[in-house]
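Colleague: I would like to learn to read a model feature by feature. Can we take one case and go through it together?

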Amino acid sequence: MAFLKTNGELFLSFFKVGVSGFGGGQSLVPLIEGEVVNNHQWLNSREFVDVLAVGNAFPGPISTKLAAFVGYQQAGVIGSAFSLLGLVLPTALAMILMAGLMAKFRDSPRLNGLLRGVRPAVIAMLGVMLFRLGWGTSGGGCMTDITSYIVAGVAVALLVLAQVPPFAVMLLAAATGLLLL
């Protein structure tokens, strides 16, 4: 019975994220944080930030990496499968349904207006996530000292000005963390 309860909770939690999320993998992070940290306490804020940091060092959408990690931590490989299925199923079904509608109404001013309205909300969600992960609303922020600000500033400069690939920036940040901490 515990098998069904745990895996069912994982599936439903990530299904809720999959149904209510809009945008790319990063836009789902605040929703995942709400489920994982606030609703179920599967991770605390610091652990979530750590998993997010490590997950960003690997290729692929962060939302699926978070789902796989949390599912595995809670119920092993089967838990990962349930979490991933819960996260991906709503999007897969919606995309199958929307593919035809998007092709049919591609030039619709209403559709374009809808999308123009949703995009700023996604940016706002990312901003809230940035604040929570950086400075934390429950003590889990990772911007804790001057070194954190220097690493973040250098990372932004490398990404924006020098256009260094994100993976290389993550490696440099990890090396800096090993040397300085």
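Colleague: Let me start with a single residue. Is leucine 133 buried or exposed?

Modeller: First, a caution: this is a predicted model. Now the residue. The cut-off for buried is under 20% relative accessible area. Leucine 133 has 9%, so it is buried. The residue lies in helix H5.

Colleague: How far is leucine 133 from threonine 176 in space, C-alpha to C-alpha?

Modeller: The two are 20 Å apart. Along the sequence, 43 residues separate them.

Colleague: Let me step back to the whole chain. How many helices and strands are there?

Modeller: Seven helices and zero strands. Read from the N terminus, the order is α-α-α-α-α-α-α. The C-alpha atoms fill a box of roughly 55 × 50 × 30 Å along the principal axes.

Colleague: What share of the chain is buried?

Modeller: Buried residues make up 29% of the 181 residues.

Colleague: Next, the core. Which residues have the most contacts inside the largest nonpolar core?

Modeller: That core has 21 residues. Those with the most contacts inside it are Phe14, Val29, Ile32, Val36, Phe48, Leu66 and Val70. The elements giving two or more residues to this core are helices H1 (2–20), H2 (25–39), H3 (45–55), H4 (62–104) and H5 (109–135).

Colleague: Take one of them. What does isoleucine 32 touch?

Modeller: Leave out residues up to four places away in sequence. Isoleucine 32 then touches Phe14, Val17, Val37, Phe48, Ser63 and Leu66.

Colleague: And charged pairs? How many salt bridges does the structure hold?

Modeller: One. Lysine 16 pairs with glutamate 35, and their closest N and O atoms are 2.7 Å apart. The pair links distant parts of the chain: lysine 16 sits in helix H1 and glutamate 35 in helix H2, 19 residues apart.

Colleague: Now pockets. What is the general idea behind finding one?

Modeller: Roll a probe the size of a water molecule over the atoms, and it shows where empty space is left. Here, the largest pocket has a volume of about 1500 Å³.

Colleague: Which residues lie nearest the centre of the largest pocket?

Modeller: Ala53, Cys142, Val151, Ala152 and Met170. They belong to a lining of 36 residues. By kind, the lining divides into 25 nonpolar, eight polar and three charged residues.

Colleague: Which helix gives the largest share of that lining?

Modeller: H7, with nine residues. H3, H5, helix H6 (146–160) and H7 each supply at least two.

Colleague: Stay with H7. Where does alanine 168 sit, and how far is its C-alpha from that of lysine 104?

Modeller: Alanine 168 is in helix H7, residues 166–180. At 27% relative accessibility, alanine 168 counts as partly exposed.

Colleague: Where are glutamine 41 and glutamine 163 found?

Modeller: Glutamine 41 is in the loop between H2 and H3. Glutamine 163 is in the loop between H6 and H7. The cut-off for exposed is over 50%. Glutamine 41 has a relative accessible area of 54%, so it is exposed. Glutamine 163 has 64%, so it is exposed too.

Colleague: And proline 59: in which loop does it lie?

Modeller: Proline 59 lies in the loop between H3 and H4. At 72% relative accessibility, proline 59 counts as exposed. Proline 59 and valine 77 are 18 residues apart in sequence and 20 Å apart in space, C-alpha to C-alpha.

Conventions
Residues numbered from 1 in each chain as written. Predicted model: local features only at pLDDT ≥ 70, side-chain atom pairs only at ≥ 80, totals over all residues. Heavy atoms only, no water. Core = buried A, V, L, I, M, F, W, Y, C linked by side-chain atoms within 4.5 Å. Buried < 20%, exposed > 50% of the residue type's maximum accessible area, 1.4 Å probe, protein only. Helix = DSSP H or I, 4+ residues; strand = E, 2+ residues; numbered from the N terminus. Contact = heavy atoms within 4.5 Å. 1 Å grid on protein atoms, 1.4 Å probe; cavity = no way out; pocket = protein on both sides within 12 Å on 5 of 7 lines; lining within 4 Å. Points joined across faces, edges and corners; volume = space filled by probe spheres on them. Nonpolar A, V, L, I, M, F, W, Y, C, P; charged D, E, K, R; others polar. Salt bridge = Lys/Arg side-chain N within 4 Å of Asp/Glu carboxyl O.
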